[in-house]
Amino acid sequence: QVQLVESGGGLVQAGGSLRLSCAASGRTFSYAMGWFRQAPGKEREFVARINWSSGSTYYADSVKGRFTISRDNAKNTVYLQMNSLKPEDTAVYFCAARPVLGRPDKYDYWGQGTQVTVSS
């Protein structure tokens, strides 16, 4: 069982930065950790992923070069550093976890989400 708690959302002006945190409890070493987002009236979309053991990362094209996903093993926490934010980045951001060897599109554990609002 894995529990995830996100924090760090808020209101920021376009061009600004925010760092989201996802504190994980439970055994996560063999998991892939993902960030997703959902804007009002839109479907949830993938943002970024990191494999906990190897540290390898993968990004959606829409955030590549602006967002960075990382993890802190000692704190069992995954971060999403978001720079050069745009109004279209406004969404509820969710942290999720799945076994590394599981289906890439099936995340088993989800956090409660944190709101990010980017004003123009």
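How many bridges pair strand 5 with strand 6 (residues 57–59), and in which sense? The legend to View 1 has the answer. Before that, a word on the model: it is predicted, so local features need pLDDT of at least 70 and side-chain atom pairs count only at pLDDT 80 or more, while totals for chains, interfaces and linings use all residues. Residues are numbered from 1 along each chain as its sequence is written, and side-chain values use heavy atoms, with hydrogens and water left out.

**View 1. Strand 5 pairs with strand 4 and with strand 6.** Strands here are DSSP runs of E with at least two residues, numbered from the N terminus, and two of them pair if DSSP finds at least two bridges between them. Strand 5 and strand 6 pair in the antiparallel sense over three bridges, with A48 having Y59 of strand 6 as its bridge partner. The two strands form a hairpin with five residues between them, and G55 in the turn has a positive phi of about 80 degrees. Strand 4 and strand 5 are antiparallel as well, over six bridges; here G34 stands opposite R49 in strand 5. That hairpin has six residues between its strands, and its turn contains G41 with a positive phi of about 75 degrees. Five of the seven residues of strand 5 are buried (under 20% relative accessible area; exposed is over 50%, partly exposed in between, with a 1.4 Å probe and protein chains only). Strand 5 is therefore largely enclosed by the rest of the structure.

**View 2. R37 is a buried arginine with polar side-chain partners.** Look for R37 in strand 4; its relative accessible area is 6%. Its side chain makes a polar contact with the side chain of E45 at 2.6 Å and another with the side chain of Y93 at 2.9 Å. A polar contact is a pair of N or O atoms within 3.5 Å; within protein, one must be able to donate a hydrogen and the other to accept it, and residues adjacent in sequence count only if both atoms are side-chain atoms. Leaving aside neighbours within four places in sequence, R37 is in contact (heavy atoms within 4.5 Å) with residues including S62, F67, E88, D89 and V92.

**View 3. The largest nonpolar core has 31 residues.** Such a core is a set of buried Ala, Val, Leu, Ile, Met, Phe, Trp, Tyr and Cys residues joined through side-chain atoms within 4.5 Å. Those with the most contacts inside this one are L4, M33, W35, L80, M82 and Y93. Among the elements that give two or more residues to this core are strand 3 (18–25), strand 4 (31–38), strand 8 (77–82) and strand 9 (91–99).

**View 4. One disulfide joins C22 and C95.** Their sulfur atoms are 2.0 Å apart, where a disulfide is a pair of cysteine sulfur atoms within 2.5 Å. C22 lies in strand 3 and C95 in strand 9, so the pair ties together parts that are 73 residues apart in sequence. The link is left-handed, with -75 degrees about the S-S bond. C22 is buried at a relative accessible area of 0%, and C95 also counts as buried, at 0% relative accessibility.

**View 5. Four strands form an open sheet in the order 1-3-8-7.** The pairing is antiparallel. Strand 1 (3–7) and strand 7 stand at the edges, each with a single partner strand, so one side of each is left without a neighbour in the sheet. Strand 1 and strand 3 pair over five bridges, and E6 stands opposite C22 in strand 3.

**View 6. N76 and S84 have positive phi although neither is a glycine.** Most residues other than glycine have a negative phi. N76 has a phi of about 50 degrees and lies in the loop between strand 7 and strand 8. S84 has a phi of about 50 degrees and sits in the loop between strand 8 and strand 9. Buried or partly exposed? N76 is buried, with a relative accessible area of 19%, whereas S84 is partly exposed at 43%.
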